[in-house]
Amino acid sequence: MLDILSQPIEGVSYLYDDIPDIEIDTQIAIGFSIKLGDVVLYSNTYASSQSNVIITGLGAMIRNSLLLANIDYQFTYMLNEEGDGGTAVFFTLTAKRNNLAADIVSGPENNSLYFQKSIPDIIIDQNVMSAIRFELKKGSELILSEEYVFDVDGKIKIRNISEIVENYLSQDNLICQFTCTITHDSIHSTIDFEVLKCEAEMTVDANSWTQQNFLTRAYGDKRTAKSRNEYLSYLQRPAYGALTINYRVVYYSSGRWTEAVGTMGNIAAVTADKIATFNASMGALVTAAALSPSTEIIQYDIWLTGTGVDTDKYSYLVDNNIYRNHKHFVFTNSFGVLETFTATGRSDVKKTGDLNFGRIDNRYRKVTQDFLSEKTVNSGFLEDEELEWIDDLLLSFNVSTYVPGVTGSDEEITITSWEKTESEVNGLQAFLFTYRRAEKNHLRFVNAAQGIFDETFDETFN
């Protein structure tokens, strides 16, 4: 008599991928076969190892025989001690296929959040059907509907979902809900997932990362200065409730360094996931901390708190150097939110024209002309992390220059070229980029009624 330690329980209906292993206490090889009706599905002899035999993978043996979902099929399996003249013992196994349309080996998980460029491919294992219908929706809007057949390796691979959904992520919709449905024989498998706009590849979990970090690739800290505009953006979720913007500032006062902690304001609770952006400039910090505009600040940190939320601190390191040149840019970063950058290097202007000539009144004259004014700017010194982050500026489709402290001073530009080399050599690093006005007309009436000095005046002039 076989000493069976564990096996499927007769009369219990198992999902095929949940069938328990068979374990037998024996030092003799065991013959095993399983069949549906009179058809043998699998047969093998298992050698004993350390006084027992374990037969695994029963689900894979019978999977292709489960033609209909949620229908019980009864199989018979035989066990026999080989070479000992033992009598074969027969048992019944009841199993069924679940009501999913397919075995989804990998893909987005239900109710999860993903960065746009990091949505996993959907890989489907063959589940006794010849083809499946795949649909992708944003809300009730059908984006994609395709029929897929299995490859020779028995899999369906739906790749590059990010290229489909990116057209639905815009400045007004930085986070969107999508639903993919896999259908076969009126059986549906549905996955709901959210996608957050992010042009950069992120290898971290979006759910945990966005709970701890602001939406910027200038990771952890950033250099700033007086009068510069700064913004921080954050993914706000209903579970967080109202958020408090906290600060810590280190400044010089009465001959010693002083530290102060407080709040800069609140962000109201939301009923659906959305992006919140707030002013993180030094001017806003000075106002919140009731400091004098002339206070010498060395650093200030900002973080958010809410229900179950206490983000990492984002540090602004104050650069008190006086630069002969500075040009301020505001742009939408890889997350689609506002960020700023200030170039402190030299700026050069190149003016060119596309001219056509002809003879008019027997005189050689210009017939048409297109005037173009381009500026080439040196970024000024950048650290290694800043070189990586500033790719967001170069690749952004929405870039403007701005004058600090002047409302409505933004002027849209287009970056037309750049020359950027990153080196591991221990030295100062910078790069050049060229831009032009987005407006067709490059002729401007500069400084009209603004007095004798404009914002480009060199404050170091003596």
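This is a predicted model: local features need pLDDT of at least 70, side-chain atom pairs count only at pLDDT 80 or more; totals for chains, interfaces and linings use all residues.
In what order do the 7 strands of the open sheet with antiparallel pairing stand?

Residues are numbered from 1 along each chain as its sequence is written, and side-chain values use heavy atoms, with hydrogens and water left out.

**The whole chain**

Select the entire chain. Its C-alpha trace spans about 110 × 80 × 50 Å along the principal axes. The radius of gyration is 33 Å, whereas a compact globule of 462 residues would have one near 23 Å; the radius is taken over C-alpha atoms, and the globule rule is 2.2 Å times the number of residues to the power 0.38.

Colour next by secondary structure: the chain holds 6 helices and 31 strands. Both are DSSP runs numbered from the N terminus, helices being H or I of at least four residues and strands E of at least two.

Of the 462 residues, 43% count as buried, that is, under 20% relative accessible area (1.4 Å probe, protein chains only).

Select residues 4-6, 22-25 and 52-55, which are strands S1, S3 and S6. They form an open sheet in the order S1-S3-S6 with antiparallel pairing; two strands pair if DSSP finds at least two bridges between them. S1 and S6 stand at the edges with a single partner strand each, so one side of each is left without a neighbour in the sheet. Neighbouring strands here are turned by 25° against each other on average, direction ignored; the axes are lines fitted to C-alpha atoms.

Zoom in on S3 and S6, which are joined by 4 bridges. Ile-24 stands opposite Val-53 in S6.

**The sheet of seven strands**

Move on to the opening question: the order is S26-S25-S29-S30-S31-S28-S27. Select 338-343 and 347-360 to see the edge strands S26 and S27, each of which pairs on one side only.

Finally, select 363-378 and 432-437, the antiparallel strands S28 and S31, joined by 5 bridges. Within this pair, Glu-374 has Arg-436 in S31 as its bridge partner.

Terms used
Axes are lines fitted to C-alpha atoms, for helices over the stretch in contact, and angles run from 0 to 180 degrees between N-to-C directions. Buried means under 20% relative accessible area, exposed over 50%, partly exposed in between (1.4 Å probe, protein chains only).
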